[in-house]
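Welcome, and please open the model in your viewer. We will go from stop to stop, with something to select at each one.

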Amino acid sequence: LDIVKALPDNTTSGTGPYYAARKSATEMVLHAHQRYSQGAPQIQTLIFRSYPTLRQAWSSLLRGEIDALWNLSGDAQEFLTSESIETFSFPRHYAYVMAFNSRKPQLRAPAVRRVLNAAVDRRAIIDSALKGRGQPAYTPIWPGHWAHDESVQGYSFDPSLARTTLEALRTQQAGPRTTSTPTRLRFTCLIPSNRPIPERIALMLQSQLYDVGVDLELESVPFRDFDRRLRLQDFDAVLLDLVSGASLSRVYMFWRSPGEHDGLNLFGYSNPEVDRWLDRLRFAQDDATTRAATSQLQRAMLNDPPGVFVAWSDHTRAVSRRVNVQSSTNQDPFEVLWKWRFIDGPPADQR
């Protein structure tokens with residue numbers, strides 16, 4: 001919501017195109033600012049309603065009771081289609097990541113973390129779990145950020161190399177006098193229950209890692225317990241849908257070494273090289289410094305990954321075709337909602 005100021009003539013002025021007029025448990029009503037700096041919105045009133053299920057919301061959209069739907073999942077897009085509805089997909093600022101607890105001895109070594117990244121087929125996970133709606137993730141730097149270095153290559157999916165490297169690491173850790181077969185790498189990943197997409201991603205990670213000699217146990221818990229254990233750092237690894245854009249401050253907040261910095265690094269991740277580039281970004285005074293530091297940060301985090309960044313997912317809005325949505329490619333149409341126009345003029349209650 002924007003900042004609103006009352007004016008002497010009993011009107012209001014604000015920083016955004018709309019302001020909240022009233023709110024209830026199931027509905028929020030916004031009214032247009034006639035003095036919005038970029039022009040008064042054509043649509044005078046917006047009503048946001050919550051629905052218990054996606055199917056009920058979709059039915060209301062088809063009946064013309066509502067004009068837009070906040071999000072369609074990949075599964076829903078396969079069976080919820082209509083010529084009267086237009087969909088708009090765009091990248092989210094969130095990445096699905098299996099973050100490691102760096103305090104756990106089996107996940108402490110950067111070499112082990114790199115091997116786990118090489119064992120993951122990100123494209124297969126995106127195609128299956130996200131229904132193709134996303135792009136591979138390798139670091140927490142959002143690929144849509146203007147300073148992101150596209151020339152920095154991520155991990156190549158190489159299960160043979162991952163398997164061989166893991167065997168060598170296990171043998172090295174066991175020592176030359178050990179006669180028994182080295183034990184397989186084992187750890188547990190915490191996932192929130194009743195979340196279909198994280199559950200599907202976790203199952204695919206489990207299968208792919210098993211193929212290279214890693215036993216990944218999945219522990220599904222209610223979100224309240226999930227949040228509590230995350231804050232207590234009571235986990236080996238945890239699967240998150242983690243905000244990581246559009247600002248680089250998100251990266252600093254989650255991955256700067258804990259201790260001197262009071263951030264949200266609940267993972268125990270600490271790397272002096274990563275800290276150096278994060279601090280350089282924090283105090284960068286020009287574009288060139290920001291670009292150079294971001295590029296070096298990407299390289300440092302690929303060399304010592306704090307987890308397996310799997311995918312940047314997409315978001316999909318659904319809008320009735322009686323509305324002219326004036327948005328560009330890969331843009332959230334809700335960002336320009338004040339530009340929306342009804343093709344045949346506004347409804348009777350707004351005329």
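This is a predicted model: local features need pLDDT of at least 70, side-chain atom pairs count only at pLDDT 80 or more; totals for chains, interfaces and linings use all residues.

Rings of Phe, Tyr and Trp (its six-membered ring) are taken as a pair here if their centres lie within 6.5 Å.

**Stop 1: a cluster of rings**

Select Phe 235, Trp 255, Phe 267, Tyr 269 and Phe 309 and show their side chains: ring pairs link these residues into a cluster. How are the planes of their rings set against each other? They meet at 70°, with the centres 6.4 Å apart, so this pair is edge-to-face, because planes over 60 degrees apart are classed that way.

Phe 235 belongs to the loop between H7 and strand E11 (237-243), while Phe 267 is in the loop between helix H8 (249-255) and helix H9 (272-282). The pair therefore ties together parts that are 32 residues apart in sequence.

**Stop 2**

The structure holds ten aromatic pairs, and another to visit is Phe 223 with Phe 226, a stacked pair with 5.9 Å from centre to centre and 25° between the planes.

**Stop 3: charges over rings**

Next, pick Arg 276 and Trp 277. The charged end of Arg 276 sits over the Trp 277 ring, 4.4 Å from the ring centre. Then move to Arg 317 and Phe 334, where the charged end of the arginine lies over the phenylalanine ring at 4.7 Å from its centre.

**Stop 4: a three-stranded sheet**

Switch to a cartoon view and select E3, E4 and E5. These three strands form an open sheet in that order, with antiparallel pairing. Which strands stand at the edges? Strand E3 (18-23) and strand E5 (45-49) do; each has a single partner strand, so one side of each is left without a neighbour in the sheet. On average, neighbouring strands of this sheet are turned by 25° against each other, direction ignored.

Zoom in on strand E4 (residues 27-32), which pairs with E5 in the antiparallel sense over five bridges. One place to look is Met 28, whose bridge partner in E5 is Phe 48.

**Stop 5: an enclosed strand and its partners**

Finish with strand E12 (residues 307-320). Of its 14 residues, 13 are buried, so the strand is largely enclosed by the rest of the structure.

- Strand E8 (residues 134-136) makes an antiparallel pairing with E12 over three bridges; Pro 136 has Ala 311 as its bridge partner.

Technical notes: Residues are numbered from 1 along each chain as its sequence is written. Side-chain values use heavy atoms; hydrogens and water are left out. Rings of Phe, Tyr and Trp (its six-membered ring) pair if their centres lie within 6.5 Å; planes under 30 degrees apart count as stacked, over 60 as edge-to-face and the rest as tilted. Helices (H or I, at least four residues) and strands (E, at least two) are DSSP runs, numbered from the N terminus. A charge sits over a ring if NZ of Lys or CZ of Arg is within 6 Å of the ring centre and within 35 degrees of the ring normal. Two strands pair if DSSP finds at least two bridges between them. Axes are lines fitted to C-alpha atoms, for helices over the stretch in contact, and angles run from 0 to 180 degrees between N-to-C directions. Buried means under 20% relative accessible area, exposed over 50%, partly exposed in between (1.4 Å probe, protein chains only).
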